Amino acid sequence: MLRFLMLLLFAILAVSINENRQECLKGVGHKLRPTQEKDLKECFIYKESSCCYAEITEELAHSPVIKVNTTYWNRCGNLSNLCESYMKKMECFYRCSPHTARWAHSQYAGAIQSVPICQSFCDDWYEACKNDLTCVSNWLMDWKIDANGENHCKNECISYSEMYVNGTDMCEKMWGESLKVSNSPCLCLRLNEMDNAVIKLMEANSRNSSSGRSDKEQDCHPKMELKQREEVEAH
């Protein structure tokens, strides 16, 4: 009985420690740890566990989005509605997701690196934006920044289809080192409600790998669906 109680106490402590370890990405506007944020104006999928405050999402709540902080989105004209929706997904993920700290950049505080993004998501994003215009390849580094911190074009505006070869090229250039197209069609993020289930499966696979076991790719989809059902039932 004593051994059972000790094991039970250890399990409870392990869960508590794991929960307390979850931290937000270091950076301007991020919380220290994710908390519930019921009054988000956008980015609603993160309301139960959010690393951003509601006021940060106010600029994203209107369409067309003109600027976020000091970065203007319309230097080559307003984005189309569908293209803008993908930009919002990326902005919401960076600012509000409780998971971004998993991919914190090794050298730059407040930046992310090699987030495993789904090929299909990048292809759909590219298709949505291919006829929109941009003047920079890397939206983080290629702008001319004035004394007020506002961004300006250094080159002429061209279509996304001229700037990027395909969805992979766009995802891996547009946000610098932030995104990395995954080799897996399943163990990757789509910046939507499925991400929680995917990340839990990634964590399970990581534990299995450390114990000498590994899950096959074909097992991914049913396990992810099970995780998603668990998420829904939990809420």
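1. A polar contact is here a pair of N or O atoms within 3.5 Å, where, within protein, one atom must be able to donate a hydrogen and the other to accept it, and where residues adjacent in sequence count only if both atoms are side-chain atoms. Helices (H or I, at least four residues) and strands (E, at least two) are taken as DSSP runs and numbered from the N terminus.

2. On provenance, this is a predicted model, in which local features need pLDDT of at least 70 and side-chain atom pairs count only at pLDDT 80 or more, whereas totals for chains, interfaces and linings use all residues. Residues are numbered from 1 along each chain as its sequence is written, and side-chain values use heavy atoms, with hydrogens and water left out.

3. As to the overall fold, the secondary structure of the chain comes to 7 helices and 10 strands. Of the 235 residues, 40% count as buried, where buried stands for under 20% relative accessible area, exposed for over 50% and partly exposed for what lies in between (1.4 Å probe, protein chains only). Among contacts (heavy atoms within 4.5 Å) between residues at least 6 apart in sequence, 58% join residues at least 24 apart. The chain exposes about 13600 Å², of which carbon and sulfur atoms supply 52%; the areas come from the Shrake-Rupley method with a 1.4 Å probe, and for residues only the protein chains shown count as cover.

4. The largest nonpolar core has 49 residues, and W125, W139, Y160, M174 and L189 touch the most other members. At least two residues of this core are supplied by each of α2 (81–96), β5 (115–117), α3 (119–129), α5 (167–174), β10 (179–181) and α6 (195–210), and the largest share, 7 residues, comes from α2. A nonpolar core is a set of buried Ala, Val, Leu, Ile, Met, Phe, Trp, Tyr and Cys residues joined through side-chain atoms within 4.5 Å.

5. Helix α5 deserves a point of its own. Its residues G167, D169, M170, C171 and M174 are buried, and what covers the buried residues of α5 includes α2, β5, α3, α4 (160–163) and β10. Leaving aside neighbours within four places in sequence, M174 is in contact with M87, W125, S137, N138, W139, L140, Y160 and Y164. Just after α5, G176 takes a positive phi of about 60 degrees.

6. Which aromatic rings pair, and how? Rings of Phe, Tyr and Trp (its six-membered ring) pair if their centres lie within 6.5 Å, with planes under 30 degrees apart counted as stacked, over 60 as edge-to-face and the rest as tilted. By this rule the count comes to 5 aromatic pairs. One of them joins Y86 and F121, a tilted pair with 5.4 Å from centre to centre and 55 degrees between the planes; Y86 in helix α2 and F121 in helix α3 are 35 residues apart, and the pair links distant parts of the chain. Both Y86 and F121 are buried. The rings of Y160 and Y164 have centres 6.0 Å apart and planes at 50 degrees, so this pair is tilted, and both Y160 and Y164 are buried. Y86, F121 and W125 form one aromatic cluster.

7. Two arginines can be listed with the rings. The charged end of R75 sits over the ring of Y72, 4.1 Å from its centre, and that of R102 sits over the ring of W103, 5.2 Å from its centre. The criterion asks for NZ of Lys or CZ of Arg within 6 Å of the ring centre and within 35 degrees of the ring normal.

8. E91 lies in helix α2 and is buried, with a relative accessible area of 9%. A polar contact of 2.6 Å joins the side chains of E91 and R95, and, neighbours within four places in sequence aside, E91 is in contact with L60, V68, W73 and W175.

9. T70, in the loop between β3 (67–68) and β4 (71–72), counts as partly exposed at 36% relative accessibility. Its side chain reaches the backbone oxygen of G149 at 3.0 Å, and the C-alpha atoms of T70 and N151, 81 residues apart along the chain, are separated by 7.2 Å.
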